[in-house]
Amino acid sequence: MRGAVSRLDRDFYARSPLEVAPELLNKILVAPGASGRIVEVEAYTGADDPASHTFRGETPRNRTMFGPAGLLYVYFTYGMHWCANAVCGPPGDGVAVLIRALEALDGLDLMRYRRIAARRDRDLCNGPAKLCQALAISGDHDGVDLTAPEGGLWIGHDGVEPPTAPAVGPRVGISRATDRPYRWWIPGNEYVSRP
DNA sequence: ACCGGGATGTTCT
DNA sequence: GAACATCCCGGTG
């Protein structure tokens, strides 16, 4: 058992994603029946970021990213995968942090059932689409308020601080702005999507 | 371990 | 038509 986990408030998210992203490391993503510790994230900075979904302005798909900080932006990609982001900054900026990997904490049996392709437990949540499958996050959750007191999907902290010296590097799986060091992960962690 | 290709459908040019 | 913030499987070494 662990100590109490308290929910992050809107002020936490309402900053630049470049600040929020490394601070999300070691926080806990909680869903009904399953949770995991965040070990890898990426920032997407909006109008100045050609890799950001919001680079060319608002569309029906990216509408949530222009909403208040603390919303969950969930998008569908490659015809079969969902990925989840925490919206950051002031409304209208269109900035967010992609959650790329978790260390599974609770609900391991449920995650194994949902992630039948995972041969080892370390494969349950070591990718942005894998963790959504493990936690049953889909388009139904786009726009969910992570800070809502009664919400079933939220991010909390249990007293474990973010690493003082997180690993930093270029983002994964993009073809533009590939040089920006907007990916952060926990050094040496075995649950990251790529070492 | 590493690499290559297929899956699968929405979004935007 | 092409691209896509991905994943899985089967090949080879």
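Visitor: How many bridges join strand 4 to strand 5, and do they run parallel or antiparallel?
Guide: Six bridges join them, and the two strands run antiparallel. Strand 4 covers residues 72-77. Keep in mind that this is a predicted model.

Visitor: Which residue is the bridge partner of Tyr75 in strand 5?
Guide: That's Cys83.

Visitor: And what happens in the hairpin between strand 4 and strand 5?
Guide: There are three residues between the strands, and Tyr78 takes a positive phi near 55° there.

Visitor: What about strand 5 and strand 6, how many bridges do they have?
Guide: They pair over four bridges, again in the antiparallel sense. One example is Ala86, whose bridge partner in strand 6 is Val97. Their hairpin has six residues between the strands, and Gly89 takes a positive phi near 65° in it.

Visitor: Why is strand 5 largely enclosed by the rest of the structure?
Guide: Because six of its eight residues are buried.

Visitor: OK, switching to the DNA. Which residues are around DNA strand B?
Guide: Arg56, Thr59, Tyr78, Gly79 and Met80. By type, they split into two nonpolar, two polar and one charged.

Visitor: Tyr78 again! How far is its backbone from a base oxygen of DNA strand B?
Guide: A backbone N or O atom of Tyr78 is 2.3 Å from that base oxygen. Gly79 also has a polar backbone atom 3.4 Å from a base nitrogen of DNA strand B.

Visitor: Which residue has a side-chain N or O atom 3.0 Å from a phosphate oxygen of DNA strand B?
Guide: Thr59.

Visitor: Now DNA strand C. How many residues surround it?
Guide: 20 residues do, and the closest are His53, Tyr75, Asn85, Arg115 and Ser175. Sugar and phosphate make up 55% of the atoms of DNA strand C that come within 4 Å of the protein. For DNA strand B, that share is 38%, with the rest belonging to bases.

Visitor: What does the side chain of Tyr75 sit 3.1 Å from?
Guide: An N or O atom in that side chain is 3.1 Å from a base nitrogen of DNA strand C. Arg100 has a side-chain N or O atom 3.2 Å from a phosphate oxygen of DNA strand C.

Visitor: Last one: which element gives the largest share of the surface near DNA strand C?
Guide: Helix 4, with three residues. Strand 5, strand 6 and helix 4 each supply at least two residues there.

Key
Residues are numbered from 1 along each chain as its sequence is written. Chains are lettered from A and ligands numbered from 1 in the order in which they are written. This is a predicted model: local features need pLDDT of at least 70, side-chain atom pairs count only at pLDDT 80 or more; totals for chains, interfaces and linings use all residues. Side-chain values use heavy atoms; hydrogens and water are left out. A residue is near a molecule or strand if one of its heavy atoms lies within 4 Å of it. A polar contact is a pair of N or O atoms within 3.5 Å; within protein, one must be able to donate a hydrogen and the other to accept it, and residues adjacent in sequence count only if both atoms are side-chain atoms. Ala, Val, Leu, Ile, Met, Phe, Trp, Tyr, Cys and Pro count as nonpolar, Asp, Glu, Lys and Arg as charged, and the others, Gly among them, as polar. Buried means under 20% relative accessible area, exposed over 50%, partly exposed in between (1.4 Å probe, protein chains only). Two strands pair if DSSP finds at least two bridges between them.
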